[in-house]
Amino acid sequence: MTVATCLPAIGGVELELGAITRNWRNGAAKLQQLAQPNLAFFPRTLTPMLETLAMAVVGAVTAAILSIPVTLWAARASNPSALGRQAVRFVVNVVRAVPDLVYATILVAMIGVGTLPGVVTLILFDIGVVVKLVSEAIDSADHPYIEAGRAAGGTQSQINRRTVLPQSWPFFANQWLYSLELNVRISAILGIVGAGGIGRLLDERRAFYTYEDVSLIILEILVVVVLIELLSQQARRRLR
Amino acid sequence: MTPDEHATAAVGAHAPATARSLTLEHVSVTYPGGTRALRDISLSIAPGEMVSVVGLSGSGKSTLIRTINGLVPATSGRVLVGEQVVGGLSGRGLRELRGGIGMIFQGFNLAERTSVLSNVRVGRFAHSPTWRTLLGIASTEDTRIITEALDSVGMLERAWSRAGALSGGQKQRVAIARALAQQPSVMLADEPVASLDPPTAHSVMGDLLRINQERGLTVLVNLHLMDLARQYTTRMIGLRDGELVFDGPAAGATDTDFETIYGRSIQRRDVLGSAS
């Protein structure tokens, strides 16, 4: 006790330890609120939560489709042209370098508040992740069948479509499922800048200091993320 | 199908395989790193010959076989398939030439995650328009050729199996079917049995011999085992350090000839042994 009361004088810096003793109760009150999720709020979270899920799925599926050709252009095994490969990789790196919140903010300004800017943000983010990781996975694997396809007189696109792609499905599927998981998490944040979904409600309840409601929303996000994780684990097992 | 149609179909599958000759004129290959893989090789192989290329690993046999379909370009000299000069070709011309030359590999080179059927379809790449391949729609003609190719190596029942689930011998048979689906006039085989156990090796060599005899294809097969060369091929080409050191009837090749090719005395590992 004596040490604690003496400390603030040291070095002449006025550390108001008293503030901590006074204020920690405020935080504790919030924690206490958080510990008591307001289940009565559940019906109001339902629509935004479904909106978030829809955003996550639409974003992931669109990104998955777009990622197929872009990934094949970015991998050495499926694109022998070094120049084309470097160009695609450069663009993808630029896309990856911009933080998702920046995309969302700009897109909300361009398109308006709603789910569309959120979905477009998710697509850009997912393509960046999938193309980078899958093209690297493809390049680190062996592709002896490519020489066979070439020896049989096939064009690169024939070889890619009939052999490289089916060989690479597991790489793709892994990243697609992962991007779906990420999307649920990210879209919770995107709502803060007006890009739709559960995030908008989360931000609203936080602004009203109704932490019981915030707690319920966080809990729901956790449940959804865990559920998607379980589903994708099942899917991955089946792919092997 | 009427009996008449059946007859044409059966002939059709073999028909385009008018064997072609292979000619190498002073061919040398130097790789970008400076390695000289082939030094001034000249030889000519008549249509329908069954020829082995024998040498230790690193002797240049893989390079030699790959100059014929242009997978490795000759640094100097000329390679001819029939009347066609390989060196001057690129793009469509090169793909068309390759479409007429089947090739099988030591490691089978199959897309293991896909079906046997998909792998054999690769053999039709050069013979069907790209849009067909991309959409995955095989013409009835292609389907018939693929079926016939699989049937001729006894793998038709496994058409829907995953290629990776097959045994080594079965994989090599699928690879042979893939090459046959090209309806080739020349068959190249790069150490086709080096990854197989002795009985399977003999049966795969038997398949190659049968293809040579029944379809009249020119077959060029790389081997490092002397007894396989003697037993299955009629003519043998010996390579040592990228140079031609032997060219003559395989059956007449003496142990001394093999010692010249290997550059050392014969050892037990130079012989596979008989099938049992």
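## Helix 5 of chain A

In this predicted model, helix 5 of chain A runs over residues 100–111, and its twelve residues reach 16 Å from the first C-alpha to the last, close to the 16 Å expected at 1.5 Å a residue. Its buried residues are Asp100(A), Tyr103(A), Ala104(A), Leu107(A) and Val108(A); seen down the helix axis they fall within an arc of 125°, so they line one face of helix 5 of chain A.

The covering of these buried residues includes helix 6 (115–140) and helix 8 (156–190) of chain A. On the face turned away from the buried side, helix 5 of chain A carries the exposed residues Val102(A), Ala109(A) and Met110(A). Just after helix 5 of chain A comes Gly112(A), which takes a positive phi of about 110°.

## Overall form of chain B

Chain B contains ten helices and ten strands. Its radius of gyration is 19 Å, close to the 19 Å that the globule rule gives for 276 residues, so chain B is as compact as a globular protein of that length. The C-alpha trace of chain B spans about 55 × 45 × 35 Å along its principal axes.

Of the 276 residues in chain B, 47% are buried. Among the contacts in chain B with a separation of 6 or more, 68% are accounted for by residues 24 or more positions apart.

## An open sheet in chain B

Four strands of chain B form an open sheet in the order 2-1-4-5, with antiparallel pairing. Strand 2 (36–45) and strand 5 (84–85) of chain B stand at the edges, where each has a single partner strand, so one side of each is left without a neighbour in the sheet.

Within this sheet, strand 1 (residues 22–30) and strand 4 (residues 76–81) of chain B pair in the antiparallel sense over five bridges. Thr23(B) has Leu80(B), in strand 4 of chain B, as its bridge partner.

## Contact between chains A and B

Between the two chains, 25 residues of chain B are in contact with 18 residues of chain A. Helix 3 (91–99), helix 4 (116–121) and helix 5 (130–135) of chain B each supply at least two residues of the side of chain B that touches chain A, and helix 3 of chain B gives the most, with four residues. By residue class, the side of chain B that touches chain A divides into nine nonpolar, ten polar and six charged residues.

Definitions and conventions:
Residues are numbered from 1 along each chain as its sequence is written. Chains are lettered from A and ligands numbered from 1 in the order in which they are written. This is a predicted model: local features need pLDDT of at least 70, side-chain atom pairs count only at pLDDT 80 or more; totals for chains, interfaces and linings use all residues. Two residues are in contact if their C-beta atoms, placed from the backbone, lie within 7 Å. Ala, Val, Leu, Ile, Met, Phe, Trp, Tyr, Cys and Pro count as nonpolar, Asp, Glu, Lys and Arg as charged, and the others, Gly among them, as polar. Two strands pair if DSSP finds at least two bridges between them. The radius of gyration is taken over C-alpha atoms; the globule rule is 2.2 Å times the number of residues to the power 0.38. A residue is buried if 20 or more other C-beta atoms lie within 10 Å of its own, exposed if 12 or fewer, and partly exposed in between; C-beta atoms are placed from the backbone. The expected span of a helix is 1.5 Å times one less than its number of residues. The arc is that of the directions from the helix axis to the C-beta atoms.
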